[in-house]
Structures are given as structure tokens and as C-alpha cells.
Amino acid sequence: MAAKALCKTKIELFYDVLSPYSWIAFEVLTRYQSKWNIDVKLRPFLLGGVMAASGNQPPAMVANKGMYMLKDLERLRDFTCTPIRQPSDFMGTIIQKGSLQAQRFLASVEMSQPSLLEEVSRQLWLRVWNRDEDITELESLRQAGKMAGLDEATLNKLLGTLKDQNVKDKLKATTSQALSHGAFGSPIMIVHKDDEPHIFFGSDRFELLAFLIGEKYEGPLAELSKVGDTKSKL
Ligand SMILES: N[C@@H](CCC(=O)N[C@@H](CS)C(=O)NCC(=O)O)C(=O)O
């Protein structure tokens, strides 16, 4: 058992809470965390920075792609049990407002409260991609942090760091690391196997990822169905 734990496969999940597909990958991967012999490292990055540096564009900039995506997400919501609902002002929320503050907040949580990074990320996704709520104002970030279990004093401290150089640098460094692996969108999963990084793009590559690491993929709900509660985390 100890030997097995020693050779856990490290998987880095690079994500931005503006990306609904990243939410799906995040929920599926965290469900498999206790089922597979893996060590998941959550890596919040800035999707806008990845898009700009890689010369890519959000899928919704192509009208037909955007329309397809909304249908696709409806299907995935039910299939993966991730309660995605489109924001009422999609272009305003996703393209214009963006996620800089939210991702800086996550970078700050990653640095000083890493054990709460998973839940703060989930609470931000619930705001923007479920309840149609803002994720750009300090008060919005505060609410997400509170829901995730951060106490008032820690929250005040974290919210006061969003303009700090080390927080900005952390987000930039994570974004650069993803780019150096070849990122062009979100989610990106980097599987470290045989001393090599293997890149996967999308929430729909778990079969391939499982094949690479010698694990069995039992669909997006595997871990939830095992514990018999598909809604407890959401
Ligand atoms: N097929 C992928 C699509 C993922 C996706 O479209 N991600 C968006 C952000 S929400 C992206 O970064 N797209 C870049 C691209 O498609 O080139 C999945 O099912 O997860």
C-alpha cells in the first residue's frame, strides 16, 4: 500500500472558472481522485492569457460553434451531473467581464490556503455557471470564499492580496507553464508519466488519459455512483 502511494501519477489540471468544460473536467477528475492511483494538482490559470498567447479564440466567437456549445453543455450537464446553466448575458459575462479577479483570487488561495482551493473553485463555478452571479466584484469573491468555508479574517487577508505582485506573478507563472506544455484552451490536463508530461485538452479525453495511466475509466459519475450520492458535492 505504501509503495502504491509512493508511485501515484501526478496530474495537473489547468483551468479557468470562465470555462464550463473545465468545470466538468474538474468534477470528474476530483471524483476519480480517491479511485485511481493519482495525485491531482489544481492549477488555476488565465484562459484569456492562454488564448492571446496561443493565437486562439473562445469557441463562442464563431456563431455556429457557440450555438453548438450551448446544446453540447446541456447534454453534458445531465451526463456528467455538473449543474451548468448558461449565464443570461453570455458575451458580457464571459467575453467582456472575464475572470482576472477570480483567477487571481484562486492563485492567492492556492498559495496560502491550498486545502480550500477545490471548494473555492467549485463555488466560483456555481456562481457564474449555475446561479448567473458575478465573479468580478470583491463582494462576489467574498461570498464564494465564505461558502467554501474560509473565515472572515482569512478572507479579508486573501482579498487584500489581489493586486500584490506575488499573486499576479503566480497567475502569470501558472499560465506560462500551461503554455509551455502547449496549452491553447481550457481545461488542460498534464499527466506526468515516465518522466514525461503528456498533454490532454478537454473534459472528453478521460478514456485516453485512463489508458495512458493504466486505470479504468467508468464514466463521469463512477465515484459518485460508488458512494450512492450524485448530488452531495454540488
Ligand atoms: N471538446 C472539449 C471542448 C473544450 C472547450 O471548448 N474549451 C474551451 C473553453 S470553455 C476552449 O478553451 N476552447 C478552445 C478551442 O476549442 O480551441 C470538451 O468537451 O471539453
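## Packing and salt bridges in a predicted model

The buried residues of helix α5 pack against helices α4 and α7 (117-129). Contact here means heavy atoms within 4.5 Å, and helices (H or I, at least four residues) are DSSP runs numbered from the N terminus. This is a predicted model, in which local features need pLDDT of at least 70 and side-chain atom pairs count only at pLDDT 80 or more, while totals for chains, interfaces and linings use all residues. Residues are numbered from 1 along each chain as its sequence is written, and side-chain values use heavy atoms, with hydrogens and water left out.

In helix α5 (residues 90-97), Phe90, Gly92, Thr93 and Ile94 are buried. Buried means under 20% relative accessible area, exposed means over 50%, and partly exposed lies in between (1.4 Å probe, protein chains only). Helix α5 is followed by glycine 98, whose phi is positive, near 70 degrees.

Threonine 80 is placed in helix α4. With a relative accessible area of 2%, threonine 80 is buried. A polar atom of its side chain lies 2.6 Å from the backbone oxygen of leucine 76. Beyond its neighbours within four places in sequence, threonine 80 is in contact with Ile24, Arg31, Pro220 and Leu221.

In soluble globular proteins, nonpolar side chains tend to be buried together. A nonpolar core is a set of buried Ala, Val, Leu, Ile, Met, Phe, Trp, Tyr and Cys residues joined through side-chain atoms within 4.5 Å. The largest such core has 53 residues, of which Phe105, Val120, Leu124, Trp129 and Met189 touch the most other members. Helix α2 (residues 20-32) gives the most to this core, with eight residues. Another core, of nine residues, lies apart from it and includes Phe14, Leu47, Val50 and Ile188.

Charged side chains also pair with one another. A salt bridge is a side-chain nitrogen of Lys or Arg within 4 Å of a carboxyl oxygen of Asp or Glu. A search of the whole structure finds 17 salt bridges.

Glutamate 139 is partly exposed, at 44% relative accessible area. In the remaining pair of the table, lysine 193 is partly exposed, at 23%, whereas aspartate 194 is exposed, at 64%. Elsewhere, salt bridges that share partners join Glu12, Lys41, Arg43, Glu110 and Lys170 into one network.

One member of this network, glutamate 110, is placed in helix α6. Glutamate 110 counts as buried, at 7% relative accessibility. Leaving aside neighbours within four places in sequence, its contacts are Lys41, Leu42, Arg43, Pro44, Leu117, Lys170 and Thr174. Proline 114 lies in the loop between α6 (100-112) and α7. With a relative accessible area of 54%, proline 114 is exposed.

How values were computed:
Helices (H or I, at least four residues) and strands (E, at least two) are DSSP runs, numbered from the N terminus. A polar contact is a pair of N or O atoms within 3.5 Å; within protein, one must be able to donate a hydrogen and the other to accept it, and residues adjacent in sequence count only if both atoms are side-chain atoms.
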